[in-house]
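Let's take a walk through this structure together, one step at a time. Have the sequence and the 3D view open as you read.

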4 protein chains.
Amino acid sequence: MLRVDVGSDLVYEVRSPSTFLLQITAATTAHQSVVSEKLTFDPELSVEQYCVGDGGNRMHRIVVDPCQLTVKYRATVELSPEVDRSTEVNESNVSEMPPDVLTYLNPSRYCESDLLLRFAFEEFGSLERGFGRVQAVCDWVNHHLDYTPGSTNATTTAADVLVQRTGVCRDYAHLTIALCRGIGIPARYVAGYAVDLQPPDFHGFVEAYLGGQWYLFDPTRLAPISGLVRIGVGRDAADVSIATITGNTNLTSQKVWANTAADVQKATNSEQPPAVSTA
Amino acid sequence: MLRVDVGSDLVYEVRSPSTFLLQITAATTAHQSVVSEKLTFDPELSVEQYCVGDGGNRMHRIVVDPCQLTVKYRATVELSPEVDRSTEVNESNVSEMPPDVLTYLNPSRYCESDLLLRFAFEEFGSLERGFGRVQAVCDWVNHHLDYTPGSTNATTTAADVLVQRTGVCRDYAHLTIALCRGIGIPARYVAGYAVDLQPPDFHGFVEAYLGGQWYLFDPTRLAPISGLVRIGVGRDAADVSIATITGNTNLTSQKVWANTAADVQKATNSEQPPAVSTA
Amino acid sequence: MLRVDVGSDLVYEVRSPSTFLLQITAATTAHQSVVSEKLTFDPELSVEQYCVGDGGNRMHRIVVDPCQLTVKYRATVELSPEVDRSTEVNESNVSEMPPDVLTYLNPSRYCESDLLLRFAFEEFGSLERGFGRVQAVCDWVNHHLDYTPGSTNATTTAADVLVQRTGVCRDYAHLTIALCRGIGIPARYVAGYAVDLQPPDFHGFVEAYLGGQWYLFDPTRLAPISGLVRIGVGRDAADVSIATITGNTNLTSQKVWANTAADVQKATNSEQPPAVSTA
Amino acid sequence: MLRVDVGSDLVYEVRSPSTFLLQITAATTAHQSVVSEKLTFDPELSVEQYCVGDGGNRMHRIVVDPCQLTVKYRATVELSPEVDRSTEVNESNVSEMPPDVLTYLNPSRYCESDLLLRFAFEEFGSLERGFGRVQAVCDWVNHHLDYTPGSTNATTTAADVLVQRTGVCRDYAHLTIALCRGIGIPARYVAGYAVDLQPPDFHGFVEAYLGGQWYLFDPTRLAPISGLVRIGVGRDAADVSIATITGNTNLTSQKVWANTAADVQKATNSEQPPAVSTA
């Protein structure tokens, strides 16, 4: 059991009446519980919270008139590890997968598994089925990509990354997901916080469906699996944008952090939108 | 109220043990009821039926040993028209849309609304909001694409089609969907049968979310809206493949038909997989 | 007859032995003569000048050891206008074009005329053949693109731009060229200087082959045609990079200017590489 | 010295007045001489022959009124092998390459070396420079692609092929060329005939510039290097189409052959356009 303090401070310049769909709050899952949390808006706003999709994602919708908007989120989250995380875990067959899992075999906007099918089979098709095969995909992605901030943008896809061999966490995750789907393993994108991530930012990682449940993987190796805090899951980053905004609005400042609860809070400043954001 | 007989005969050469996910049966919706239906397999097989997603799609899963497999579907369906189908219907605001509708604003594998954003705004941004704006998108797509069987394949996207200006029903639908999402109108792909479609085949068309409900559109103009029979809906064709098959299997013959119930059944033969199929 | 002073100051941080292929000097053509010029390197270097291709491009090759390298170019150029620039000029037939012109009908890296063929015909195929048709292509490109620095990069192509509807001079030129080739008009890319360009930078524009000769067009409308000074021509920007560098080297500063000779020199500073550069 | 009989019979249905640019005749180079040849047209036509580019390509231009056109080419060609074809041959430095060779370092329509740069360096950057490095690229391409007729089309590029891992001779050549350029080795596309090619067809292969001259490579391994007969060279297949046709014309039949001179002629029929043709 690991207790983690996560938080984010987002400041927006809202220049026309805008609707925000925010996904920045920690999810509640079998392996993650929210001990306490606080989401505040300055100026104060009426907020609508709802859950979308089959992954328990929480989304907050606000309607904002022109102003400087500050969004603050603070939470303490308890993480319990996936117990049977080992090479003993086997793959599931398509004939047995629950219907809501099958969706994550389909190609999606940034994970064109249909294009990468042959590559995935050629490279990973003959490996022993199971947990280790997903690990092998993650290792391949980690080994063959260079982590290069600025080398990709919000429209970069797994196929792009397979050719250009550079990217950020979002791109690592997309390529891993596309390759898993290509060899018949359901995989999905997780947006979240990550303990000890340097530089601190929102993070994007992967869940793969093995042995009847979802397991976390992080092909970037930038943070320990045990310190990954989920905000939400989706087919790819298109589903879990930090902020989807309708209106003329700019992110002007952002701080993000995730620390083990005992730690002193180590926040950093960034003027850049996070890798997983469409802000 | 229109009563329609739909059906399909699919023959597969199954060369290794294969799992099929079939989406060929008529859905039940507020505007469509299944009066009677029969789905048969030769050889006989145990079939698992389940529903996926938020659109009420039915899927049938079968596991098949090597054989020649014949799948036959027959149904009588009653269609009741969308009553307020008119230019009076307005668009919904993002601030009011139900959470499960918001998903259909996201870009998807074959509908890269993120790439087409500026084009969509430039071309349709200044038109009066409402039903007529979706109609204008459909008209534009119909006018600027050439319906050319064989000009696209299973990996062709809306952006590809916007450049090359040719496609089939699937491509018409994808471009329409991407453009609607680009101007903030939720849109999704519908796979189905279509009365009087020439040549008879499965069909792909569009639903757009307006005034709090989903409305059907067919940018190909190949069949009357009132004769569209739904199999299922999804973000794009990736979600509603006629058959997703794991294993070494080939479609060897296909007949598809949809006739108003009084009609004599007019089936045709085709050796080609249908436009919306991944068979 | 217009007399123009052009120049550029480029500063590079050379960190490993590097070979530069520079294309920054004014060309000599039927409509352009170099009255005087000076190309200097600090530190001094042995320079190899040669001409490549059929457009009379001059290229300078230097081999540089680690240092801070300053390249300075100053020239006075006389421009004589294309005399019969009018709607009277007709298109040439493929059956009559000189062999070296036919090359400019082929698709190239950034001008995928093969992809845009149908679009080009649909939009411009029925217009009256001749000078006015190229002008119509330029007008279309100018009208439908937004000039947005930073919206594209060195790998952006005409097809990308047709979808995303933004770009810089290089992208405007590529799309214009691809569309001209698509309707059977040879077209090529010109890198150069442009009088009164704001902000001052290298410029990219277009030549189209009409009535047996090449005519200049600038779809950006950012500078008068009569003030365009040629450095070199090619199939697209891939052929006329300002600097192609083998080795570990960075452009650290750049000034570019082009003024009518009477003017006081109005140079500006920029830390950014120019749109047409691979530096 | 090898003596080879090559030939092709092309039949076109010309439905509107059309201009053909044909590239089907054997070239004359240091390693290839044309002993005898005959190019005939039925009906008889006036033919214009000219050479284009720096590779000595011959092109034939004809203007044809509506008819059924038969083009027949027969030639006896003597091939002398590249003498120093060995691992002793070194790479040339950019600082020493002749200007007309530098062009073949640029990315081109179907060989996007700019996109594949990092991949090329990662995979081949640390290998010993020289002939063996090009051979290693060819081996990689041969090993990682599946030769699959119909898996690609006339717009497929090297980057596409790197992702999808299938193609035909044209695609093998494009990927090899792009990877060579990516590691700084000039490379170009050769269209030609190939002794013992099965099934007989036009062929596409590669020349790489090493040790001051051009060397042939064939990543498909479908024919011996010593039996490759050149028609022409270009940056990629865009430059050496078998037939570029302006007008409403269809290829209706094609025979192609290349046999060592002693052999009995083994022609075959094909209704399909050849891989390197735009017919």
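What rotation, and what shift along its axis, superposes chain A on chain B? Before answering, keep in mind that you are looking at a predicted model. In general, two copies of a chain are related by a rotation about an axis and a shift along it. Here, chain A is superposed on chain B by a rotation of 180 degrees with 0.0 Å of shift along the axis, and the RMSD is 0.0 Å. The two copies are therefore related as by a two-fold rotation axis.

To find that axis in your viewer, go to A:Arg109: of the residues of chain A, its C-alpha comes closest to the rotation axis, at 1.8 Å.

Chain A and chain C do not touch, and their nearest C-alpha atoms are 11 Å apart. Likewise, chain B does not touch chain D; the nearest C-alpha atoms of these two chains are 11 Å apart.

Next, please turn to chain C, where four strands form an open sheet with antiparallel pairing, in the order 4-5-2-13. Strand 4 (48-52) and strand 13 (243-246) of chain C are the edge strands, each pairing on one side only. On average, neighbouring strands of this sheet are turned by 20 degrees against each other, direction ignored.

Inside that sheet, have a look at strand 2 (residues 18-22) and strand 5 (residues 57-64) of chain C, which pair in the antiparallel sense over five bridges. Across this pairing, C:Phe20 stands opposite C:Ile62 in strand 5 of chain C.

Conventions
Residues numbered from 1 in each chain as written. Chains lettered and ligands numbered in written order. Predicted model: local features only at pLDDT ≥ 70, side-chain atom pairs only at ≥ 80, totals over all residues. Heavy atoms only, no water. Pairing = 2+ DSSP bridges. Helix = DSSP H or I, 4+ residues; strand = E, 2+ residues; numbered from the N terminus. Axes fitted to C-alpha atoms, helices over the stretch in contact; angles between N-to-C directions. Least-squares fit on C-alpha atoms with pLDDT ≥ 70 in both. Contact = heavy atoms within 4.5 Å.
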